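Q: Hi! Could you walk me through the pockets and the packing in this one?

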Amino acid sequence: MESYGLSEQGPYRAENQDTFRISPEGIGVLAVVCDGMGGAAGGRLASDMAAESFTSFSSISLELSDGSEDEDILRLAVTAANRKIYEFAYDNEEYAGMGTTLVGGVFRPDRALLVNVGDSRAYRISRDGITRLTKDHSLVQQMVDAGELTYEQARRHPRRNIITRAVGTEPFVTSDIFEAPAREGDIFLLCSDGLTGAVEDPELHRLTLAAPDAESACRALIDTALARGTRDNATAVVIIYGKESADNAE
């Protein structure tokens with residue numbers, strides 16, 4: 001299993017408030033992407049805290065798990081991250097309201113289990129096509145569900161960046177879990193909305209499949225988002241099944 005991640009500051013942002021972590025485990029790979037919010041300092045701190053807390057909690061628990069407890073571990077890891085950020089903001093008034101999206105997962109040899117809060121996404125990519133595994137917690141997603149917008153209209157809606165759920169903004173948060181089978185040749189993409197807001201799903205599919213490895217895929221995706229003038233920071237983590245594992249940190 002090969003993995004790589006890349007995050008770049010968007011042209012209209014003063015700071016990159018996205019964070020990712022990749023942690024090779026004995027059972028596969030643990031990965032997470034967070035997109036912070038809450039002011040110049042708060043957003044970056046929130047995403048860092050969430051990614052670190054999620055990874056630390058999950059890594060320790062997964063070492064003791066046979067796989068049957070993965071869903072509970074991921075949910076509890078999000079709960080731990082939420083509590084850490086919320087309590088920090090409560091104790092430090094200048095950080096009031098800070099929070100972050102979170103999409104993460106554990107990638108075992110035969111399946112991927114994903115968890116999300118907010119509008120950062122997970123995709124499964126293969127020769128057969130691209131499937132969005134997570135569902136955004138956003139205002140425009142609610143409008144799409146209600147039949148008020150099409151997906152194409154949602155992509156261009158002026159309020160498309162308003163999320164309805166975040167890690168750290170409330171004492172408790174509800175996370176969603178998604179499971180997908182995995183086989184040799186499958187590719188999983190975790191990403192922030194700075195990527196998906198600029199690069200549509202068919203092109204995510206084409207660029208990822210055309211790349212020779214996970215690092216090249218991340219660079220092609222992020223470079224395309226930046227070239228398109230993405231309005232936000234852009235982050236991508238790519239996990240490829242059936243290839244030799246590779247460490248990453250950038």
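A: Happy to. This is a predicted model. In the second largest pocket, strand β3 (residues 28-37) supplies the largest share of the lining, three residues.

Q: Which residues lie nearest the centre of that second largest pocket?
A: R13, D35, G36, M37 and D232, out of 14 lining residues. The volume is about 270 Å³.

Q: And how does its lining divide into nonpolar, polar and charged?
A: Three residues are nonpolar, five polar and six charged.

Q: OK, now the largest pocket. What volume does it have?
A: About 520 Å³. It is lined by 26 residues, with R121, R155, R160, T196 and G197 nearest the centre.

Q: Which helix gives the most to that lining?
A: α4, with four residues. At least two residues each come from α3 (139-145), α4 (151-156) and α5 (193-196).

Q: Switching to the inside: which members of the largest nonpolar core touch the most others?
A: F54, V78 and L102, in a core of 26 residues. Two or more residues come from each of β3, α1 (39-63), α2 (70-91), β5 (102-108) and β6 (111-117). The largest share, seven residues, is from α2.

Q: What is F54 in contact with, leaving aside its neighbours within four places in sequence?
A: Its contacts include L30, V32, L74, V78, L102 and V115.

Conventions. Residues numbered from 1 in each chain as written. Predicted model: local features only at pLDDT ≥ 70, side-chain atom pairs only at ≥ 80, totals over all residues. Heavy atoms only, no water. 1 Å grid on protein atoms, 1.4 Å probe; cavity = no way out; pocket = protein on both sides within 12 Å on 5 of 7 lines; lining within 4 Å. Points joined across faces, edges and corners; volume = space filled by probe spheres on them. Nonpolar A, V, L, I, M, F, W, Y, C, P; charged D, E, K, R; others polar. Core = buried A, V, L, I, M, F, W, Y, C linked by side-chain atoms within 4.5 Å. Buried < 20%, exposed > 50% of the residue type's maximum accessible area, 1.4 Å probe, protein only. Contact = heavy atoms within 4.5 Å.
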